[in-house]
Amino acid sequence: MKERTTCQIAHIADGQPSHRLLASGTICILSFLALLPVIMGGREELQAVIEGNGHFTKKLYNVLAQKEGNVFFSPISAHAVLAMAYQGSKGTTHEAFGKVLGFSGHLQAAEGYSDVLSHLNNVPNVQLLMANKIFVAEDASLKPTFQEITAKKFLSEVQPVNFGNNNATAKLINGWVEDKTQNKIKDLISPDSLNSATRLVLVNAIYFKGTWASKFDKSLTVTDKFYLNDVDSIDVQMMNNKGKYFFKEDEALDAKVLELPYSNPEVSLIVILPNKRNGIAQLEEKLANTDLSKITENMYKPEVVVKLPKFKIEATIQMNEVLEKVGLGVIFSQGEANFSDMLTGSEPLYVSEVIQKAFIEVNEEGTEAAAATGLLRSRRAIHMPETFEANKPFLFALSYGERLERKDANKGVLFIGKMLKPSVGLQTPHDEL
């Protein structure tokens, strides 16, 4: 089986100076995501979530891809938890959320995620769950409007806690996260991140586990070479399969694109493989201005020989700098952040920390977690099997959306990653960003 989970924490603190990151009036936002399928519906609010997340994905990836090593994160997890914080913001903070998340207003975000949650928790043939929860300080209270909209639209429960008892409260929050992610994400929040001044912790947890529509035969998995560049290589466990898959050769990207469906074909893993061994950097440049939701357009379904390495990635990402670079720096400013629609009372709040944890495993059974358009090469006249050999660095995305054998079906991006070096032997799968 394959599993994917992600977690994200954002702390919102009051404007008082402090020697500690979360020393006073803090609010934490936790977000987990294993997999979030988004149905391509007709409602304007739902489309706003899909399109906003698509643009948000590109912004985050362009920043995170500058780091060395493998990349893996869930843009929809960050998008969802920030959309909850958006509900309690005002002024320039509110405007920044709308611009970066791709919404015309917080009510559009709330209605859109109401639809997402409705669809997400009712996807057949896979294990899929999305849940939200707010932990609030015992000596604080949520504003009625904020509590109502997060309860009705984000289906969030509220639990009073004693943040001063930081060890017990961290254990409580982390336990909720572990439960929702089938123990894939542990220790999301450190007790040191909480104290008596912490006001809120907002949590979003998403979990997905699914099997391939066509499983890889374990007896065909062999030790094979994975080229790190034009010269260097490592040995990996290479899975092998052959079948009819949606596929295309994209000349504009100088890459092949393959869609591997799960037992519910609306959920799939998209793999984007550059034609050159050292072509990953050029591929990223070309994808920077590409609508990732359209990566599955103009594909056809030939017989394909597939070679894909088994891999795991675990990542912990400090998101503050990333979010600042994409335009949300105001939420971290003690003097400028405005979250006055969150809590009763007048204490100023700001976001002090955003953390995401993510996990994915890809093997013969399936995936647990967590594009481009362009000119197509003409199809081959002779009906020979296509070959998709992922023996060099590649990009991948976990996506959701109806296809129904249509060539032009768009996909919502749930997770995205860059595989530069698969875990050797799957014995030490931790890859921290």
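1. How does Lys-225 count by relative accessibility: buried, partly exposed or exposed? Lys-225 counts as partly exposed, at 40% relative accessibility (buried means under 20% relative accessible area, exposed over 50%, partly exposed in between, with a 1.4 Å probe and protein chains only).

2. The model is predicted: local features need pLDDT of at least 70, side-chain atom pairs count only at pLDDT 80 or more, and totals for chains, interfaces and linings use all residues. Residues are numbered from 1 along each chain as its sequence is written, and side-chain values use heavy atoms, with hydrogens and water left out.

3. The count of salt bridges comes to 11 (a side-chain nitrogen of Lys or Arg within 4 Å of a carboxyl oxygen of Asp or Glu). One of them joins Asp-235 and Lys-225, at 3.9 Å from N to O. Asp-235 lies in strand β8 (residues 233–244) and Lys-225 in strand β7 (residues 222–227), so the bridge ties together parts 10 residues apart in sequence. Strands (E, at least two residues) are DSSP runs, numbered from the N terminus, as are helices (H or I, at least four). Asp-235 is also partly exposed, at 43%.

4. Asp-250 and Lys-248 form another salt bridge, with the closest N and O atoms 3.9 Å apart. Here Asp-250 is buried, with a relative accessible area of 1%, and Lys-248 is buried at 2%.

5. Glu-364 forms a salt bridge with Lys-310, the closest N and O atoms being 3.6 Å apart. This pair links distant parts of the chain, 54 residues apart. Glu-364 is buried at 5%, and Lys-310 counts as buried at 16%.
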